[in-house]
Amino acid sequence: MKTFIKSVHLFLLLGLLCVSCDKNEMSQDSDYIEFGQYYGFCGGEKCIEIFRLDNANLYEDTTDIYPSETLNDDRKFVSLPSQKFDLAKDLKKNFPQQLLNETKVTFGIPDAYDQGGRYLRYKSGQVDRVWLFDNNLGEVPVYLHSYLNEVVRVKELLSE
């Protein structure tokens, strides 16, 4: 009887391990940034491109949920190859820390007249913030211009 119970426990443990393994599963790194660009009046998969970058991996959102001023954890991410991570890794390192002092969430009127918008989310420890930026950088503080241009450049490289 003890052998039977041990066999059942072993079988259940193996089943649990098989179910829990997923090649698209994200790492357990809780510090990351999400970045991307979006267009509302647009057709096709390339209208909303959002990526998540942690310390070791890069992921692409497959839900293409239109960004909003509130945090959205309904996105589903799939892992991208390490070559793509190499293209994006500096975005996390170069994140403009001054942005964390901003009280605004939205800069300008992103996508209000079909010009699209840029999206950023920063998650580190207890800090979890999201921002939306007009593609017209005249509506965005000057200290963010080069970083937001880099976000678009990296997004375009990742989309090739």
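The paragraphs below lead through the sheet, the helices packed on it and the nonpolar cores of this structure.

This is a predicted model, in which local features need pLDDT of at least 70 and side-chain atom pairs count only at pLDDT 80 or more, while totals for chains, interfaces and linings use all residues. Residues are numbered from 1 along each chain as its sequence is written, and side-chain values use heavy atoms, with hydrogens and water left out.

We begin with the sheet, which is open and has seven strands in the order β4-β3-β2-β1-β6-β7-β5, with mixed pairing; strands (E, at least two residues) and helices (H or I, at least four) are DSSP runs numbered from the N terminus, and two strands pair if DSSP finds at least two bridges between them. At the edges stand β4 (77–79) and β5 (106–107), each with a single partner strand, so one side of each has no neighbour in the sheet. Strands β2 and β3 (residues 58–61) run antiparallel and are joined by three bridges, and leucine 53 has leucine 58 in β3 as its bridge partner.

Helix α3 packs on this sheet, touching β1, β2, β3, β6 and β7, and its direction makes about 80 degrees with that of β1; contact means heavy atoms within 4.5 Å, and axes are lines fitted to C-alpha atoms, for helices over the stretch in contact, with angles running from 0 to 180 degrees between N-to-C directions. The buried residues of α3 are Tyr147, Leu148, Val151, Val152, Val154, Lys155 and Leu158, where buried means under 20% relative accessible area and exposed over 50%, with partly exposed in between (1.4 Å probe, protein chains only). Seen down the axis of α3, these residues fall within an arc of 165 degrees, so they line one face of the helix; the arc is that of the directions from the helix axis to the C-beta atoms.

In α2, Phe85, Ala88 and Leu91 are buried, and the buried residues of this helix pack against β1, β2, β3 and α3. The face of α2 turned away from its buried side carries the exposed residues Gln83 and Lys93.

These elements meet in the largest nonpolar core, which has 24 residues, with Phe35, Leu58, Leu120 and Phe133 making the most contacts inside it; such a core is a set of buried Ala, Val, Leu, Ile, Met, Phe, Trp, Tyr and Cys residues joined through side-chain atoms within 4.5 Å. Helix α3 gives the most to this core, with five residues. Apart from it lies another core, of seven residues, among them Cys47, Ile50, Tyr119 and Val130.
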